[in-house]
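Trainee: I am new to this entry and would like to know what stands behind each term. Please set the values against the definitions as we go.

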Amino acid sequence: MIEAIDDREAAQRIAQGVPIVEFEGVDLGFEGHPVLKDISFRVAHGETRIILGPAGGGKSVLMKLANGLILPDNGDVRILGWSLQAMSQRELFAMRAHIGMVFQESALFDSLSVEDNVGYRLQEEHVAPAEIHTRVLEALRFVELDKSIDKFPSELSGGMRRRVSIARAIITQPALILYDSPTGGLDPITSTTIIELVAKQRDVSRTTSLMITHRLQDAFTLATHRWNVQAGKMEPIPDHGLDPNTKFLVLNEGRVVFDGTTLELTHTTDPWLKAYLE
Amino acid sequence: MKFSPVNFAKTLVAEVQEYSLLCARAVANIATPPRYIADTFTQLDSIGVGSLPIVVLTGFFTGCVLALQAAVSLKEFGAVNMTGRLVSLSMVKELGPVLTGLMVSGRNTSGMASEIGSMKVSEQLDAMRALGTDPVRKLVTPRVIATVIMLFFLTIIADACGDGGGAAVAVGLLRLNASAFLHTSYTALRYGDVVEGLVKPIFSGFIIATVGCYYGLRTTGGTRGVGRATTQAVVTSSVLIILVDFLVTQLMIGIFGR
């Protein structure tokens, strides 16, 4: 039995420098087929870790492991120092209050309005309706969708649904946000809008995040751009600078083939990695 | 792929185990917070009030048919006055609970399997879990509570409508005495008959909700998978209702001797 998972304890652990996400020797397989093999990495507070790799390499599964939606066969997954395997189902649900997740296909509740979707977690926590409305509006303003508050998911475009999904993930200001291919299936302009939101969340709220993407240009946009609060838009970091908190993890066939900074990735000598990046 | 009896048996045992665990969790959730009271009331309305028209119509016309059929047979023995007794016993002990269970199953098991199945294939269940909500607690437990409660009362309504339908046919078509019909209906029933008729919907309600939710939660394969899950849920639920009806009848005969 672990100690109580509450906001104060989580804040203390962040202040003590406990890694937000820690994978140690994680193995996972389905029906005898290994999907992830000996995965180990750490994500520190304030870091944005971009997960790259060919399709079918186990990226989405890794994301679900980080949220406790799946538990590993071997090894340890720790969030804020708490081992997910040591938790009961009830504790896992409590833990997820500290994690926001943006799903590949948005996964909005189609029978609920945008307001109810975004405010879902607050309703579960029995927050007063007036406060829920205020916070939902705030989150929707962040993703520039406050005018769509009364609409239903079926009335929104793919990009708008993705933005509502981001609003739903950030409304409780979680310690960790998991973005599972937030730009997947979107046109380049809408993708850039989503990446701007990810950069805005990273630079304004300093939230730790894991982001899967199949689009290398999105990954490098995040690494080379920052959110300008005064101008209210994303801009390149001057002098070809790189965001120090944006790092990369590359998976191939269920193994980590790269774990490091943007500079290390672009200067890699690994032939497979070079071919993948090209 | 070649059929393997061993694999088939293993799959079957695994499914029974999974279903049993779901049932245990759905019931255990009643004892601990959070409880989804609003969702339970929504389900009470959807399952109970929503099923009322089909239950009333089914009960009424079953009573009508029973009276007609019974009168033909009883006439040969000069016992047409016993029509009320036959209608009442048949409705309360057997036809009321079973037909109500089957009708509610057809309407609600399919609804539950398709609704939850659609949520499963569109990752809404994963999203719910990711948002810190246990789908079994939020979706299954309220449906189990609502179906058990409402099927109990729907069965009583079906029994009453069946007797009403029988009385209407007996008086309107067979020219029997209304008072005699109702009197024989009432005096025919013993305590054990009523208990038997009211215990069955509790089991049926539990089967309808748990089977519908079980097939919904294990849906895979997109929209085709949702359709398959819905069909399987209705078939399994209907067969289980009749099977459990047989077992409960045996049990009640053992307890009450009739």
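Mentor: A residue is buried if 20 or more other C-beta atoms lie within 10 Å of its own, exposed if 12 or fewer, and partly exposed in between, with C-beta atoms placed from the backbone. This is a predicted model, in which local features need pLDDT of at least 70 and side-chain atom pairs count only at pLDDT 80 or more, while totals for chains, interfaces and linings use all residues. Residues are numbered from 1 along each chain as its sequence is written, while chains are lettered from A and ligands numbered from 1 in the order in which they are written.

Trainee: Which residues of helix α6 of chain B are buried?

Mentor: F181(B), T184(B) and S185(B) are buried in this helix, residues 178–188. A helix here is a DSSP run of H or I with at least four residues, a strand is a run of E with at least two, and both are numbered from the N terminus.

Trainee: Why are the buried residues of α6(B) said to line one face?

Mentor: The arc is that of the directions from the helix axis to the C-beta atoms. The buried residues of α6(B) fall within an arc of 105°, so they line one face of the helix. S179(B), Y186(B) and T187(B), on the other side of α6(B), are exposed. The cover over the buried residues includes α3 (83–121) and α5 (135–172) of chain B.

Trainee: What puts the buried residues of α9(A) on the same side?

Mentor: In α9(A), residues 216–224, the buried ones are D218(A), A219(A), L222(A) and A223(A). Their arc around the axis is only 135°, which puts them on the same side of α9(A). Among the elements covering them are β3, α8 (188–205) and β11 of chain A.

Trainee: What makes A107(A) buried?

Mentor: A107(A) has 25 other C-beta atoms within 10 Å, and the definition asks for 20 or more, so the residue is buried. A107(A) belongs to the loop between β6 and α4 (114–118) of chain A. Its phi is near 50°, a positive value in a residue other than glycine.

Trainee: Why is S181(A) called buried?

Mentor: The count for S181(A) is 22 other C-beta atoms within 10 Å, so this residue is buried. S181(A) sits in the loop between β7 and α8 of chain A. Its phi is positive, about 45°, although S181(A) is not a glycine.

Trainee: What makes β7 and β8 of chain A a pair?

Mentor: Two strands pair if DSSP finds at least two bridges between them. Five bridges join β7 (residues 176–180) to β8 (residues 208–212) of chain A, and these strands run parallel. L178(A) stands opposite L210(A) in β8(A).

Trainee: In what order do the strands of the open sheet follow one another?

Mentor: The order of the six strands of chain A is β6-β7-β8-β3-β11-β12, with mixed pairing. β6 (99–102) and β12 (255–261) of chain A each have a single partner strand, so they stand at the edges and one side of each has no neighbour in the sheet.

Trainee: How many bridges join β11(A) to β12(A)?

Mentor: Six bridges join β11(A) to β12(A), running antiparallel; L251(A) has V256(A) as its bridge partner in β12(A). The hairpin of β11(A) and β12(A) has two residues between the strands, and E253(A) takes a positive phi near 50° there. On the parallel pairing, five bridges join β3(A) to β11(A), where I51(A) has L249(A) as bridge partner. β11(A) is mostly covered, with six of its seven residues buried.

Trainee: Which residues touch the most other members of the largest nonpolar core?

Mentor: A nonpolar core is a set of buried Ala, Val, Leu, Ile, Met, Phe, Trp, Tyr and Cys residues joined through C-beta atoms within 7 Å. The largest one has 75 residues, and I51(A), A66(A), I79(A), A167(A) and L178(A) touch the most other members. Its largest share, six residues, comes from α7(A). Another core of 52 residues lies apart from it, and among its members are I47(B), L89(B), L125(B) and V211(B).

Trainee: With what is L178(A) in contact?

Mentor: Contact means C-beta atoms, placed from the backbone, within 7 Å. Leaving aside neighbours within four places in sequence, the contacts of L178(A) include M63(A), A66(A), I99(A) and L210(A).

Technical notes. Two residues are in contact if their C-beta atoms, placed from the backbone, lie within 7 Å.
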